Amino acid sequence: MQDIANALVAAWDLVLSGNSTLLGIVSLSLGISLTAVFFASCIGLPLGAALAITRFPGRNAAVVAVNALMGLPPVVVGLFVYLALSRSGPLGSLGLLFTPPAMVIAQVILVTPIVAAVARQIVEDLWREYAELYLFDGVGRVHTICSLLWLGRLSLTTAVLAGAGRAVAEVGAILIVGGNIAGVTRTMTTAIALETSRGDLALALGLGIILLALIFLINGTAHFAGQAVRRAAA
Amino acid sequence: MRPFFGATAIGWLLLSASFQTLAQQSFITVASTTSTEESGLFGYLLPAFTKETGIEVRVVAVGTGQALKIGERGDCDVVFVHDRPAELAFVEHGFGIDRREVMYNDFILVGPANDPAHGDDIVAAFRKIAEAKAPFVARGDDSGTSKAELRFWKEAGLDPKTVGAGWYRDTGSGMGPTLNTAAAMDGYTLSDRGTWLNFKNRQNLKIVVQGDRRLFNQYGVMLVNPARYPSVKRELGDKFINWLTSPTGQKTIGDYKINGEQLFFPDAKPLSG
């Protein structure tokens, strides 16, 4: 219990001190993860919707594949991106390894299947309800996808939030492709890993508590924004 | 969705702001060991270098084996590690040039307070641990420390793979996590002194063997071969190597202390010829 009390004190002291290093780490964490979630949503939402409303041979296999990819191990994705971006790899000339963009790329790969899989389920339910209407009116595929995504926007927040949760909490991939460089690629999760290995467990857990508070903040904001939209629509 | 896009826009701004700073500052990437980072040396040494030269140093801290691999793939400019045979092989195979010795520190054996293996002979201590089948936590990660440990087992005429069943634990992790495990198991482990002095979760552990000459641990620095990888920042990397081995750099290394105890002993030799 003593350790956990120390961690709470450490977290509180860190926040109160307005430590600029902490601020940098937090904004880098959020910057990378939210950017990744943005791109993952741009790909995943239309992909999930398309999978929901189209019928083609091998569709079941595609659905299973997207669902399975939700469980992509971050370390494996990290290693894959590392080898691709390494100077000895195919994209080495870009010089992106050990920079924030490399971390965004890794997280986009991790998050896209989550957004796509949840979006597919939500849009498929909507499609079951409204398919006849769209088919009767002869609405084109692209238009149908846009329209269904708009219709399901409040539920689809869950898809995006699930992706954001994965991105902010993930450490395996960004540790490998970012290198945990102080002030450049050190995020909340990689800093926690470092402090744990230094044996400063109170500081590590303190950082963890701050990370948890941030995740609550993001989800709370999304929830109440959704309610406001619902009220405005009613 | 709107607030989400707002948040993303902010994230994007932050990220592009950080790219801006990337583009403006000249920096080098150094692959180094957990011992230099976790002991706090870099936090003390690098700001002094940056202040003098304006060059930012980005450290990727991993085990010596992995640091050399990063260099082999051309993913850093400078490698700063501690495993002389592996460093010489790295240079021999054309991956690195301009190798210089910088400093040394020493390994220590840490173990439970009521320990039977204490003394100043590291090999004798390893034999006693094996006899007692006392828990020994090994790095097992191809790091400089791991390789030194395996050399001591060899000198003791023991192979932990065959005799170690039930007491020799191979954790495959860095020095800090290995110390965490040793503290939890109340077992032995070989550590570099710097990481140990900076380590906070000691529980019941203390130093049981130190001062054996075989425990000296030499650090070397080298530039990744720019002929092999044109992306290597030769000029900046050389500046870093020259500074580390210059009187100013050497003095800064010697000045770093934790609780009044010096961690690293500068021993760069002037360039011959």
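**Chain and domain contacts in the predicted model**

In the predicted model, 30 residues of chain A are in contact with 30 residues of chain B, where contact denotes C-beta atoms, placed from the backbone, that lie within 7 Å. On the side of chain A that touches chain B, at least two residues each are supplied by α2 (20-53), α7 (153-169) and α10 (201-233) of chain A. Helices (H or I, at least four residues) and strands (E, at least two) are DSSP runs, numbered from the N terminus. The most is given by α2(A), with 8 residues. By class, this side of chain A comprises 14 nonpolar, 12 polar and 4 charged residues; Ala, Val, Leu, Ile, Met, Phe, Trp, Tyr, Cys and Pro count as nonpolar, Asp, Glu, Lys and Arg as charged, and the others, Gly among them, as polar.

Residues are numbered from 1 along each chain as its sequence is written, with chains lettered from A and ligands numbered from 1 in the order in which they are written. As the model is predicted, local features need pLDDT of at least 70 and side-chain atom pairs count only at pLDDT 80 or more, whereas totals for chains, interfaces and linings use all residues.

Chain B is assigned domain 1 (2-105 + 218-266) and domain 2 (106-215), with bounds from an automatic or database domain assignment. The C-alpha centres of these domains of chain B lie 28 Å apart. Their contact takes 18 residues from domain 1 of chain B and 15 residues from domain 2 of chain B. On the domain 1 side, the elements that give two or more residues are α2 (34-38) and α4 (64-72) of chain B, and α2(B) gives the most, with 3 residues. This side of domain 1 of chain B has 5 nonpolar, 10 polar and 3 charged residues.

Note on methods:
Two residues are in contact if their C-beta atoms, placed from the backbone, lie within 7 Å.
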